[in-house]
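Biologist: Please guide me through the packing of this model, one point at a time.

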Amino acid sequence: AYDAIRTSNVQVPNAVLQKTGVDMIEELFKSGFHPRLQREANRTLEVMLSELSKPLPRTIGEVESLRQILRSASKTTSEADRQMIETMIDKFDDNLTGIMPTDMRELWARYRKSSLIEDAIERANLNASSAGVGGNIENTTRQAFKGLLLNKKKMRGFTETEEKLIRNVADSGTARNMARLF
């Protein structure tokens, strides 16, 4: 899915990108965003607004690079900043999914789901390594997948079967079950 998105020549209208920036701001403030309190999220928002307002034609692949900026920023250690950046990612995905051709929409959905799984695994590894106990990976994996399950917004794109697999990992936490996800 990732390669197909990166190499796609589907153009994203500038108006959609600019609207995405405006929608991000509105959603952030609805979520309690304050630029002085969530400084990392504010810096990320400034970068995104600068990029989204450029009057350049962009392909889906180029726009996906902007999503990578958001994903990288969401790895912050500040929970408040991470939540705000995830709000930006959600709004970004919502706006772009609506304008894509059907086949690209399906690829984008698969890409988005795989990045959510990847983020959960990265979060589990980070939490396990910070605890300094190698065996803790089972528990942190279970917790990360439980967090994904409890987030209705993130789970809305998963099929019933995928949700069951994620639930299975959250219940058992085994790496064996993670390999079956996708």
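Biologist: At roughly what angle do the axes of helix H4 (residues 60–73) and H5 cross?

Modeller: Helices are DSSP runs of H or I with at least four residues, strands are runs of E with at least two, and both are numbered from the N terminus. Axes are lines fitted to C-alpha atoms, for helices over the stretch in contact, and angles between N-to-C directions run from 0 to 180 degrees. The axes of H4 and H5 come within 9 Å, and they cross at roughly 160 degrees.

Biologist: What pLDDT do side-chain atom pairs need in order to count?

Modeller: Residues are numbered from 1 along each chain as its sequence is written, and side-chain values use heavy atoms, leaving out hydrogens and water. This is a predicted model in which totals for chains, interfaces and linings use all residues, local features need pLDDT of at least 70, and side-chain atom pairs count only at pLDDT 80 or more.

Biologist: Is H4 roughly parallel or roughly antiparallel to H5?

Modeller: Angles under 35 degrees count as roughly parallel, those over 145 as roughly antiparallel, those from 65 to 115 as roughly perpendicular, and the rest as oblique. The crossing of H4 and H5 is at roughly 160 degrees. H4 is therefore, relative to H5, roughly antiparallel.

Biologist: Is the crossing of H3 past H5 left-handed or right-handed?

Modeller: The axes of H3 and H5 (residues 79–97) come within 7 Å and cross at roughly 25 degrees, so H3 is roughly parallel to H5. A crossing is left-handed if the near helix is turned anticlockwise from the far one by less than a right angle, and right-handed if clockwise. The crossing of H4 and H5 is left-handed, whereas that of H3 past H5 is right-handed.

Biologist: Which residues of H5 make the contact with H3?

Modeller: The residues of this contact divide into 8 nonpolar, 1 polar and 3 charged. H3 contributes Arg 39, Glu 40, Ala 41, Thr 44, Leu 45, Met 48 and Leu 52. H5 contributes Asp 81, Met 84, Ile 85, Met 88 and Phe 92.

Biologist: Is the aromatic pair of Phe 29 and Phe 33 stacked or edge-to-face?

Modeller: Rings of Phe, Tyr and Trp (its six-membered ring) pair if their centres lie within 6.5 Å; planes under 30 degrees apart count as stacked, over 60 as edge-to-face and the rest as tilted. The structure holds 1 aromatic pair. With 5.3 Å centre to centre and 75 degrees between the planes, the pair of Phe 29 and Phe 33 is edge-to-face.

Biologist: Is Phe 33 buried or exposed?

Modeller: Buried means under 20% relative accessible area, exposed over 50%, and partly exposed in between (1.4 Å probe, protein chains only). Phe 29, at 45%, is partly exposed. Phe 33 has a relative accessible area of 4% and is therefore buried.

Biologist: With which residues is Pro 35 in contact, leaving aside its neighbours within four places in sequence?

Modeller: Pro 35 lies in the loop between helix H2 (14–30) and H3, and is partly exposed because its relative accessible area is 29%. Its C-alpha atom is separated by 9.9 Å from that of Asp 81, 46 residues apart along the chain. The contacts of Pro 35 are Phe 29 and Asn 42.

Biologist: How far apart are Glu 163 and Leu 149, C-alpha to C-alpha?

Modeller: Glu 163 is placed in helix H9 and is partly exposed, with a relative accessible area of 29%. Not counting residues up to four places away in sequence, Glu 163 touches Leu 149 and Met 155. Glu 163 and Leu 149 are 14 residues apart in sequence, and their distance in space is 7.7 Å.

Conventions. Contact means heavy atoms within 4.5 Å. Ala, Val, Leu, Ile, Met, Phe, Trp, Tyr, Cys and Pro count as nonpolar, Asp, Glu, Lys and Arg as charged, and the others, Gly among them, as polar.
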